[in-house]
Amino acid sequence: MKLSRRDLLKTLTGAGAALLSFPEAMFPIPEDVAEAAETAEEWRKSPCRFCGVGCGVLVGLRQGKVVAVKGDPEAPVNRGLLCIKGYSLPKILYGSDRYRAPQLRQGNKFVEISWDQALDIMASKFKEAIEKHGPESIAMYFSGQTTIFEGYAVNKLMKAGIGSNNIESNARLCMASAVAGFYSTFGMDEPMGCYDDFELTDTFFVWGSNFAEMHPILYSRMVERKHQDPNVKIVSLQTYLNRSTDEPADIVAIFKPHTDLAIANAMAHVIVKEGLANDAFVQKCVVFKKGLTGIGYGVEDNFEYGGAAETNWKTYRPFADKAQTIDFEEYKKFLEPYTPEYAAKLCGVPADTIRQIARLLGDPKRKAVSCWTMGFNQHVRGTWINNLVYNLHLLTGKIAEPGNGPLSLTGQPSACGTSREVGVLAHALPGGKFVANPEHRQKAAHIWNVPVEKISPRPGYHAVEMFRALDRGDIKVIWINTTNPFQTLPNVGRYRRGARKGSERFVIVSEVYPSETARHADLILPSAMWVEKEGMVGNTERRTQHWFKMVNAPGQAKDDLWQIVELAKRLDLGRLFDYGEAPLHKALFEEYRQFGEGSGKDLAPYDVYAKVRGGLRWPVVEGRETRWRYREGFDPYVKKGDGVRFYGQPDGRAVIWARPYEPPAEQPDEQYPFWLTTGRVLEHWHTGTITRRVLELHRAVPFAPVWINPEDAGLLGIKAGNRVRIQSRRGEVITKVQLDGRNKVPKGVVFVPFFDENVLINLVTLDAYDPISKQPDYKKCAVRIEKV
Amino acid sequence: MIKPIIAIGCVLGVLFGSLVLLSGSARAEQVDPQQGSKRLPRVYEGAPPLIPHDAETRKGMCLACHEFGIAGAPITPHPTRNDFCIQCHVGQDLSVQTFPPIPFQEENRPK
């Protein structure tokens, strides 16, 4: 259905009247916004292509092209504002080197082939590997940018059709620890609160997340809140100074990498010692547990957490831990050594500052919102540090109510919506279900209409192990889609070499522009992106959003859902996607919805998302979205009189975990005296594959420098602009030095963004991971620096 | 309270304004950026204006010039959005050309 601007105004207003159950989500596009960019003939709604904040945009179209975007003033997330990446959306589609046809490697060159040839080759490689080596010799590596439709389809193809669980998402690299943290503490994934808390709280705690650059629109909501009310306090705990420690942060604490474990326990120590714990809440809603310690770092192939059969990734349920219930007194004893003075010695933050922060969080007159992202999640004890921040909110009862709550921020537009909710992970099934659980398999087999034996109970390879298996030769054929692992995997040198070892290995890559991963492919498939296809995504605050296809993809580029279905047909599994006359997208979504229905993950019907501006937050029950989960009056799953019930756990109680400080996998020493931490910049999205094609973004940050502390630079005889070698035990890169600007690193720390394919910093990083979540730690390894 | 701030703002503004006008270039994210002092064209109508001067070392000072248009600086239509100007408005190194700088050459990769 095509609409002119005025038609759209009328239609949206009319639909608003018809859909009174969603009054807050249905608004007409204001006339002045529509008039503002006269270059566009027509405006349609979509979420932004980029981060997990999930901003709503209005897409301006003219003669079959995207010519402008506007922040959607009625989108509840961003209220009309966008960041520079969002404003650059029209240009991401039109880079000069966009893939327009499938390409097959012939020696060191790629030659264009037809889609029929490409799909036949792809299917024959799949069939050959399955016949010779079984279904577990193939792998799918998708993305937190994969849409819900695509994720659901490929998950079904793999788990119900091919019969292998070797399907992962790059969300393993960004959100796995958050997921493991949610499951171990609450028994259920995803935040209880939402962005509305930003306007309702008066105290923000930002942990190891430069969200001024990575989640800019959310950051600006926090800043505007502070501007409105001087009583609002912002605490920023970081490993280096960055835009998130600038004005208007009130307390800035720069801690040594990895010592957040000690700080969080010291804060709990202060809260308990000074009587700031909410005893009534703790008694009613919480149990105390301790788990395994000394759990290792996963640097070896086939690493198994804990070494015990019960915790074996392949045979037991994920996130397993040998949990032992303890009582409040035992927990207090566990906290005893974590005095602020002890933590101060480890982390370098003064003990008084730790006390001050703990008192702010514990103050019964204040509310508290904690935010974190990769600093916590990309951490060899990522699950633990997620648990520890929940401890603080559970001890004080500041959780699951307006203005109070921990909010785990997401990196990718659909890490929540697709990877986590659809379960595009080696251990998961859609709707928060697990392959290792016989009841869950039964339910999946019923919905998918396949024999239950078809669904393997064994989790497949997690991301790092998947690429180790490709290197070893255990994986023969891999399809990589919407992600760039040969730039982003830690210790990527090994995995790049592994991909090109030849023998029976065959690497298929669906991409939009040439990337490091495409350069390692045997077969490149040109994909459609963003509004060149219909899609649905889910953001940080459980908000599901939908957009329609608006423009055609260039050349022969095809959307990923089409690629998945065509592959299925050639593998004689076309029946999995045979919905007769029904439109495929709608049929897939309506089928997917059955997985979560009645289990706290209820989604609205497809038609509702197709109409609603700005999306809805699940569970959506009887036409109403849910803003705060686990709280009576807000969450339809909490019965009258229950008050607060963490219904993900069988006893309705969340867990406070006694998690100790344990050292990281690698620390600076005489040979390699610096901490290396990696991350992103505002202007570039992940590996820059899309954003570097936008000239304005490329000109804003044309390459990745290394930030070094001026004193360290002085000692090494290095000046700003000098070229230096950054070397670890695994590899090296050369780039230019930056001493200040947007970041200022403390002595002993260097920071390098990972977007630049010519400064492949992941050649240097370490492939250690959190043994519980299997998420790698990109934030700390040891390097040396020398002038070249 | 507000008057001294405006006064200080004006002084700073004139200082930075003249910096822009006289030197025509300044330090930015990259070490030797080539920058002018002229307004850059918008990417499309409605896109945020780009910054033709160094923004990194002057962060937090945007309003000194852009609140009242000192030294010809464009006046911001949204002065309350200070503290996060640079999430929409970004600096530009005009010496940098389109990415990728050379055509995709499969022969050279992968090593």
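How many salt bridges are there between chain B and chain A? In this predicted model, the count is 0. Polar contacts are present, however: 9 residue pairs, both members at pLDDT 80 or more, are in polar contact between chain B and chain A. On the side of chain B that touches chain A, 16 residues are nonpolar, 9 are polar and 11 are charged. The interface involves 36 residues of chain B, which are in contact with 59 residues of chain A. The size of an interface is often given as the accessible area lost when the parts come together. Here, the area buried between chain B and chain A is about 4,300 Å². Carbon and sulfur atoms give 56% of that area.

The interior was examined next. In soluble globular proteins, nonpolar side chains tend to be buried together. The largest nonpolar core holds 89 residues. Six of its members touch the most other members: A:F198, A:W530, A:V531, A:I726, A:V783 and A:I785. Helix α10 of chain A, residues 216-228, contributes the largest share of this core, with 5 residues. A second core of 67 residues is separate and includes A:M188, A:V286, A:L388 and A:A658.

A:V531 illustrates the packing around one member of the largest core. Beyond its neighbours within four places in sequence, A:V531 is in contact with A:S46, A:V59, A:V66 and A:L93, among others. Its contacts also include A:W547, A:F548, A:K549, A:M550 and A:V551.

Helix α20 of chain A spans residues 463-472. Of its 10 residues, 9 are buried, so the helix is largely enclosed by the rest of the structure. The buried set comprises A:A463, A:V464, A:E465, A:M466, A:F467, A:R468, A:A469, A:L470 and A:D471. These residues pack against several elements of chain A. The strands are β6 (138-142), β7 (167-169), β17 (477-481) and β18 (506-511). The helices are α21 (485-488) and α22 (492-499). A:G473 follows α20(A), and its phi is positive, near 100°.

Within helix α22 of chain A lies A:V492. Its relative accessibility is 0%, so A:V492 counts as buried. A:V492 and A:F467 are 25 residues apart in sequence. In space, their C-alpha atoms are 9.6 Å apart.

Note on methods:
Residues numbered from 1 in each chain as written. Chains lettered and ligands numbered in written order. Predicted model: local features only at pLDDT ≥ 70, side-chain atom pairs only at ≥ 80, totals over all residues. Heavy atoms only, no water. Contact = heavy atoms within 4.5 Å. Buried area = accessible area lost by both parts, 1.4 Å probe. Salt bridge = Lys/Arg side-chain N within 4 Å of Asp/Glu carboxyl O. Polar contact = N/O pair within 3.5 Å; in protein donor to acceptor, adjacent residues only side chain to side chain. Nonpolar A, V, L, I, M, F, W, Y, C, P; charged D, E, K, R; others polar. Core = buried A, V, L, I, M, F, W, Y, C linked by side-chain atoms within 4.5 Å. Buried < 20%, exposed > 50% of the residue type's maximum accessible area, 1.4 Å probe, protein only. Helix = DSSP H or I, 4+ residues; strand = E, 2+ residues; numbered from the N terminus.
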